[in-house]
Amino acid sequence: MGKSKEKKDNLNRSLVMSVVLHIILIGLIVIGSLVSVVKLGGGGEEGTVIDAVMVDPGVVVEQYEQMQKQQNMVRQAAKERKEQEQKQEAELREQQEKEQKRLQQLEQERIKTERDTAKQQKQAEEQQKKALEAAKKAKEEQKIAEEAAAKAKAEKEKLVKEQAAEKAKAEAQAKKEAEAAKAKAEKEAQEKAEKEAKEKADKEAKIKADKEAKAKADKEAKEKADKEAKAKAAKAKAEAAKNAASVDDLLGDLTASGPSKQGGQASAGTGGGKKSGASNADVDNYAGKVKAAIQSKFYDSDTYRGRTCELQLVLARDGALMGIKPKNNPTNDAALCDAAIRAAKLASMPRPDSDKIFERVKREGIVVDFKPWFK
């Protein structure tokens with residue numbers, strides 16, 4: 001744009017200078033052609049000299065025509081230059097308009113590109129922001145889930161440890177009590193056996209002395225004395241065996257006889273009369289309560305799935321466990337029996353609902369067919 005304007009100014013100055021120079025030149029030519037000095041002198045030395053100016057019309061016309069021709073040439077040149085300038089200006093304007101349109105288009109494209117870029121950048125930033133928020137949320141949720149899992153795992157481990165500790169404690173206590181009971185029973189049995197053996201020896205010595213002292217007695221008296229001595233010996237032996245039995249021996253007797261068997265014998269012993277006391281349904285109901293109490297302290301049900309153990313229990317009137325042992329049943333699982341006995345020693349046994357139930361349980365014992373419950 002600036003270069004085109006400078007070029008136009010140079011052309012204008014050149015044109016003006018050319019016109020001025022031509023006018024000056026024509027003026028000088030006209031003046032030179034119009035002025036001619038002619039000296040005219042009279043005759044003799046004293047004649048007067050007269051200066052006159054003569055104008056040649058043909059020269060003037062010729063010069064005028066040349067001047068007109070030059071002016072026409074100048075005007076034609078000026079016209080051509082002006083037309084050229086106008087053409088150049090038109091072309092320049094056209095180029096400027098095209099350039100301006102191109103620049104406008106480029107500017108619009110630039111603005112559109114900037115807007116599109118800004119929009120895309122904004123969308124990318126929003127997507128990135130959403131992605132970061134989603135990642136942050138996922139990370140927080142993962143952290144919460146991990147903390148919950150760790151807490152649950154710790155609680156489970158703690159519960160398992162507590163159950164294992166309780167189980168070990170119960171086993172140790174049961175073992176200690178069993179050993180103490182066994183030692184006590186063995187000691188009492190030994191003391192009673194020694195005492196009864198001594199009594200038996202004294203009696204036998206006395207009998208022997210009596211027999212020797214009464215050697216002269218008749219045969220019947222001797223036989224009678226021998227019979228009495230043998231009866232006493234048998235009775236003393238039976239009492240020794242009975243007193244030497246521990247809680248396990250008592251339970252063994254109950255197991256061998258069984259509640260139903262004892263019930264039948266008791267009925268037979270009444271001579272066919274009607275027996276007053278707790279019914280089988282009452283006893284079974286109480287046995288179910290006892291079984292539930294054992295189950296409440298039994299924590300390893302899954303370990304003993306499909307196993308069974310028949311237990312014989314001796315209970316006090318207030319429900320206290322006096323003795324427990326597995327019955328002599330080939331279907332019993334030894335591991336389940338041990339676990340059930342430990343659970344029974346930890347459980348709070350229910351009181352018999354009535355004295356009649358207690359008397360029958362005391363007399364016959366109570367049998368529980370223990371099978372772990374599964375959730």
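1. Nonpolar surface patch. In this predicted model, Val16, Val20, Ile24 and Leu28 together make a nonpolar surface patch of about 370 Å². One of these residues, valine 20, sits in helix α1, which covers residues 2-34. Valine 20 has a relative accessible area of 41%. Because that value lies between 20% and 50%, valine 20 is classed as partly exposed.

2. Overall build. The protein contains eight helices and five strands. Along the sequence they come in the order α-β-β-α-α-α-α-α-β-β-α-α-β. Of the 375 residues, 18% are buried. The protein exposes about 28200 Å² of surface, and 54% of that area is supplied by carbon and sulfur atoms. Among contacts with a separation of 6 or more, 74% are between residues 24 or more positions apart.

3. The disulfide. How many disulfides does a search of the whole structure find? The search finds one. The bond joins cysteine 309 to cysteine 337, with an S to S distance of 1.9 Å. This pair links distant parts of the chain: cysteine 309 belongs to strand β3 (residues 309-315) and cysteine 337 to helix α7 (residues 334-346), and the two are 28 residues apart. The link is right-handed, with 110° about the S-S bond. Cysteine 309 and cysteine 337 are both buried.

4. Salt bridges within helix α2. The count of salt bridges comes to 13. One of them pairs arginine 110 with glutamate 114, whose closest N and O atoms are 2.3 Å apart. Why are these two residues separated by about one helical turn? They are four residues apart in helix α2, and this spacing is the reason. Arginine 110 is partly exposed, at 37% relative accessible area, and glutamate 114 is also partly exposed, at 44%. Glu107 joins Arg110 and Glu114 in a network of salt bridges.

5. Glutamate 171 forms a salt bridge with arginine 342, and their closest N and O atoms are 3.1 Å apart. Is each partner buried or partly exposed? Glutamate 171 has 31% relative accessibility and counts as partly exposed. Arginine 342 has a relative accessible area of 16%, so it is buried, the limit for that class being under 20%.

6. Alanine 174 and isoleucine 341. Alanine 174 has its place in helix α2 (residues 57-213). At 11% relative accessibility, alanine 174 is buried. Isoleucine 341 is 167 residues from alanine 174 in sequence, yet the C-alpha to C-alpha distance is 8.6 Å.

7. An exposed salt bridge. Aspartate 302 and arginine 305 form a salt bridge, with 3.3 Å between the closest N and O atoms. Aspartate 302 counts as exposed at 58% relative accessibility. Arginine 305 is exposed as well, with a relative accessible area of 53%. Both values are to be read against the limit for exposed residues, which is over 50%.

8. Which residues of helix α8 (residues 355-364) are buried? They are Ile357, Phe358, Arg360, Val361 and Glu364. Viewed down the axis of α8, the buried residues fall within an arc of 165°, so they line one face of the helix. Asp355, Lys356 and Lys362 are exposed on the other side of α8. Glycine 365 follows α8 and has a positive phi, near 80°.

9. Glutamine 295. Glutamine 295 is part of helix α6, which spans residues 280-296. What does glutamine 295 touch, leaving out residues up to four places away in sequence? Its contacts are Ser301, Phe370, Lys371, Pro372 and Trp373. With 9% relative accessibility, glutamine 295 is buried. That class is set at under 20% relative accessible area.

Conventions
Residues numbered from 1 in each chain as written. Predicted model: local features only at pLDDT ≥ 70, side-chain atom pairs only at ≥ 80, totals over all residues. Heavy atoms only, no water. Buried < 20%, exposed > 50% of the residue type's maximum accessible area, 1.4 Å probe, protein only. Contact = heavy atoms within 4.5 Å. Disulfide = S-S within 2.5 Å. Arc of directions from axis to C-beta. Patch = residues over 30% accessible without salt bridge, like charges linked within 9 Å, V, L, I, M, F, W, Y side chains within 5 Å. Areas by Shrake-Rupley, 256 points an atom, 1.4 Å probe, with all protein chains shown as cover. Salt bridge = Lys/Arg side-chain N within 4 Å of Asp/Glu carboxyl O.
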